[in-house]
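Load the model in your viewer and keep the sequence panel open.

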Amino acid sequence: MSHVRNNLAASLAANAGAAASANGHRIFTEHIVGGFGDTTVLKGISLRIAHCSLTAIMGPSGCGKSTFIRCINRLHEEIPRAWVTGKIILDGQDIYGADVDPVAIRRKIGMVFQRPNPFPTFSIYDNVAAGPRLNGLRKRHALDEVVEKSLRHAALWDEVKDRLERPGTGLSGGQQQRLCIARALAVDPEILLLDEPCSALDPIGTERIEELLVQLKKEYTIIMVTHNIQQAGRIADRTVFLLLGEMVEEGSTSDVFTSPKDPRTEAFISGRFG
Amino acid sequence: MKGIANARRRKFTNLIAMLVMVTMLVVCLIPLVSVSWTLLSKGIPAISLDFLTNLPLSRQSGIGNAILGSLLTLLVASLFAIPFGLLVGMYLSQCASSRLATPTRTLLDVMSGIPAIVVGMFIYSLVVRPMKSYSLMAGGVSLAMIMLPVFARTSEEALKAIPETVMEAGLGLGLPRWRVVLQVLLRSALPGVLTGFFLALARVGGEAAPLLFTVGGSNFWPSHAPAELARLQPLTEQVASLPLVIYEYAKDPRPAKHAAAWGAALVLVVIILAIRLSTHAYVRWRYGQQGAH
């Protein structure tokens with residue numbers, strides 16, 4: 001373990017050139033290169049993500065935002081012909097290490113997708129209980145507790161507490177997305193990945209999710225892909241700007257928005273492309 | 001003026017088209033209504049409690065053992081068809097790009113085209129001859145062989161209809177792929193899978209051809225003493241079957257047997273209709289619009 005840490009520290013010092021100690025940072029990505037078949041989508045992304053923060057990854061369509069966060073929970077590799085190289089260090093362990101089980105990684109890292117995808121024919125209760133149940137939790141009252149806690153965390157409990165047995169697909173789009181957040185929270189992840197969670201929602205649904213994320217970042221490390229520049233500006237602590245698979249800029253949201261270092265970032269933020 | 005003439009012509013054409021369609025509809029309905037009417041008018045007089053519960057050779061002869069035999073044969077067929085059909089359906093939907101998928105599909109399509117009587121002969125040489133006797137087992141296997149392609153393909157379609165995002169959500173929760181398939185996808189696809197299963201069951205419920213050389217027919221109840229049941233003895237015995245009873249009785253010169261054949265036919269149709277309608281009602285009730293077909 002310790003030599004892994006040493007290697008990590010050494011390579012980070014070389015790579016990021018940072019005096020950045022591991023203090024307060026949970027995730028380090030080191031020169032992530034990935035793609036599908038002959039196409040290279042990500043061209044070397046190195047990033048540090050702080051504990052209990054919200055990082056927004058923005059960029060125009062096709063820049064590799066989704067591919068990048070899907071590398072973080074090793075979901076990318078589930079697509080036929082997908083490949084990735086580089087290192088992602090989570091709490092000192094390379095999740096692409098030879099002895100790492102991707103399934104165990106995904107249990108630590110919850111994910112919410114672009115379109116709400118509650119399990120069809122599952123009730124609201126069963127959707128949230130699915131993760132804990134399949135991980136072996138069987139006792140009814142323990143499950144009840146997890147379901148209530150997760151739904152409360154996802155700010156959905158008050159709206160659905162009287163109809164937990166109704167199908168999850170019967171909820172509105174915004175409610176379905178919060179249900180998916182509750183489902184992800186129910187397995188007690190430490191990190192939450194969100195892939196454009198509001199792209200299929202109306203403004204009111206979007207606002208609810210944003211409020212929720214601001215609450216959740218107090219307890220979880222959140223990485224969110226967004227197509228929406230204003231959204232990044234409203235709720236993210238740090239913002240990453242990707243363009244054609246390269247990381248153009250990374251910094252605190254206020255810095256990136258008020259004094260971008262790269263002219264391409266400025267052009268994107270001021271709406272000249274994207 | 002011209003506009004009005006046009007409108008008239010349109011209305012007239014419409015009327016003609018309507019008439020043609022309604023006539024065709026009536027023509028199509030004639031056989032259905034006629035069959036139902038004949039079945040009901042000739043079948044109902046034959047039906048009584050004795051008819052439904054007695055053995056053929058008792059004083060008030062009945063088809064009780066044939067009803068039970070048919071249900072048992074369908075049960076055995078389901079026990080074979082469900083696991084095989086589901087596994088093949090899962091394979092085809094989850095490993096769609098595997099090298100064996102296309103040949104498997106072709107094979108299933110060929111299988112569903114095999115005439116039922118050929119299936120019966122095949123099972124005769126495969127099961128009946130080695131066992132040296134007609135049996136419930138052989139009948140069940142031959143019906144399962146007819147159910148399998150139908151059920152496997154409908155399961156495949158039902159599983160494929162579940163969006164890829166559901167699989168991703170399951171994987172994202174930290175479940176291995178096989179558990180997502182078994183515990184999430186299968187359950188999500190259950191309305192479609194159930195509908196496919198009961199359609200296949202209703203399809204084979206009325207088959208006589210595959211049973212001719214397999215179940216053998218019988219005038220008695222299957223063994224039902226606890227010790228015999230524990231040895232699964234009924235599986236190796238000949239059993240009666242509704243379609244076979246209809247076939248036998250219809251050939252018989254005696255009018256009483258003809259009446260019994262009509263009664264048995266009505267019972268068979270009612271059973272199949274009940275399977276169809278109750279599935280439909282159940283899927284609707286349990287899964288709402290998502291499951292309605």
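Two residues are in contact if their C-beta atoms, placed from the backbone, lie within 7 Å. Keep in mind that this is a predicted model.

**Stop one: a loop in chain A**

Select Val100(A). It sits in the loop between β5 (93-94) and α3 (102-108) of chain A. Leaving aside neighbours within four places in sequence, Val100(A) is in contact with Ile95(A) and Ile105(A).

**Stop two: a helix in chain B**

Select residues 164-172 of chain B, helix α7. Color Met167(B), Ala169(B), Gly170(B), Leu171(B) and Gly172(B); these are buried. What do the buried residues of α7(B) pack against? Show α3 and β6 (109-112) of chain A, along with α8 (177-188) of chain B. Then step just past α7(B) to Gly174(B), where phi is positive, about 85°.

**Stop three: a helix pair in chain B**

Select α12 (residues 242-251) and α13 (residues 255-287) of chain B. Their axes come within 8 Å and cross at roughly 155°. Angles over 145 degrees count as roughly antiparallel, so α12(B) and α13(B) are roughly antiparallel to each other. The crossing is left-handed.

Now show side chains. From α12(B), residues including Leu242(B), Ile246(B) and Tyr249(B) take part in the contact. On the α13(B) side, look for Lys257(B), His258(B) and Leu268(B), among others. By class, the contact has 12 nonpolar residues, one polar and one charged.

Note on methods
Residues are numbered from 1 along each chain as its sequence is written. Chains are lettered from A and ligands numbered from 1 in the order in which they are written. This is a predicted model: local features need pLDDT of at least 70, side-chain atom pairs count only at pLDDT 80 or more; totals for chains, interfaces and linings use all residues. Helices (H or I, at least four residues) and strands (E, at least two) are DSSP runs, numbered from the N terminus. Axes are lines fitted to C-alpha atoms, for helices over the stretch in contact, and angles run from 0 to 180 degrees between N-to-C directions. Angles under 35 degrees count as roughly parallel, over 145 as roughly antiparallel, 65 to 115 as roughly perpendicular and the rest as oblique. A crossing is left-handed if the near helix is turned anticlockwise from the far one by less than a right angle, and right-handed if clockwise. Ala, Val, Leu, Ile, Met, Phe, Trp, Tyr, Cys and Pro count as nonpolar, Asp, Glu, Lys and Arg as charged, and the others, Gly among them, as polar. A residue is buried if 20 or more other C-beta atoms lie within 10 Å of its own, exposed if 12 or fewer, and partly exposed in between; C-beta atoms are placed from the backbone.
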